[in-house]
Amino acid sequence: MAKIGIYGSSFDPITNVHLWTASTIAHRCQLDKVIFLPCSSKRRDKQLHNTDEHRWNMLKLAIQNNSKFIADDYEMSKEAWEVFTYYTMNHFKEKYSEDEVYFIMGADLLEDIAEGKWKYGDQLVSENKFIVMARDGIDMLKTISRSPLLRNNDNGSRFHLIDKGLAMEISSTYIREEFAKGGEPRYLLPEDCYAYIKKYNLYQKENED
């Protein structure tokens with residue numbers, strides 16, 4: 001039985017921090033595979049700055065030399081109303097029915113689930129396992145203990161908390177801003193992705209988040 005982590009993000013663009021985070025989690029949690037899951041561009045809560053084609057091409061370039069990393073367009077190909085993490089996890093548990101599947105997320109998302117902000121949050125928590133990355137200013141244990149939903153589903157293996165060494169702050173937003181302002185973010189993202197952005201003149205206009 002393999003252990004698989006589902007790692008969703010905009011990847012607009014994918015950065016070296018994304019790759020380092022995935023590699024670190026795979027090492028610490030002994031994952032056999034990490035599935036990179038670009039989000040749907042049709043979601044109203046996401047303001048994307050590039051086409052699906054460019055995001056997908058850069059993701060494939062970024063992970064091509066790591067056999068543990070897989071790109072999957074499941075959410076990217078969905079309409080906004082079809083994209084809920086509960087549905088996504090059901091899809092991957094069915095696809096990898098012989099394996100153990102984890103959802104990788106930051107502690108800020110754990111807080112959102114605790115506050116009832118996620119649709120199907122109850123079912124999501126009760127039926128899945130999570131790898132949760134620390135975020136500055138968030139006490140993950142307190143977040144779990146304060147939430148009836150989280151604490152009553154905390155069976156010792158539900159939440160794998162990673163509380164050290166994953167607080168790097170270089171973001172896709174920072175890289176986009178550097179490109180837009182004529183900066184030089186070359187070594188903050190994979191070299192092939194940097195060359196791709198230069199080739200297609202991506203992120204040349206200043207974007208607001």
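The following legends describe close-up views of a predicted model. Residues are numbered from 1 along each chain as its sequence is written, and side-chain values use heavy atoms, with hydrogens and water left out. Local features need pLDDT of at least 70 and side-chain atom pairs count only at pLDDT 80 or more, whereas totals for chains, interfaces and linings use all residues.

**View 1. The largest nonpolar core has 31 residues.** A nonpolar core is a set of buried Ala, Val, Leu, Ile, Met, Phe, Trp, Tyr and Cys residues joined through side-chain atoms within 4.5 Å; buried means under 20% relative accessible area (1.4 Å probe, protein chains only). Leu31, Val34 and Phe36 touch the most other members. Among the elements that each supply at least two residues are α1 (16-28), β2 (33-38) and α2 (52-63); helices (H or I, at least four residues) and strands (E, at least two) are DSSP runs, numbered from the N terminus.

**View 2. Helix α3 (residues 85-95) has buried residues Thr85, Tyr86, Thr88, Met89 and Phe92.** These residues lie on the same side of α3 because they cover an arc of only 160 degrees around the axis, taken from the directions from the helix axis to the C-beta atoms. The buried residues of α3 pack against β1 (3-9), β2, β4 and α5 (121-127).

**View 3. Glu75 lies in the loop between β3 and α3.** Glu75 is buried, with a relative accessible area of 8%. Its side chain forms a polar contact of 2.6 Å with that of Thr88 (a pair of N or O atoms within 3.5 Å; within protein, one must be able to donate a hydrogen and the other to accept it, and residues adjacent in sequence count only if both atoms are side-chain atoms).

How values were computed. Buried means under 20% relative accessible area, exposed over 50%, partly exposed in between (1.4 Å probe, protein chains only). Contact means heavy atoms within 4.5 Å.
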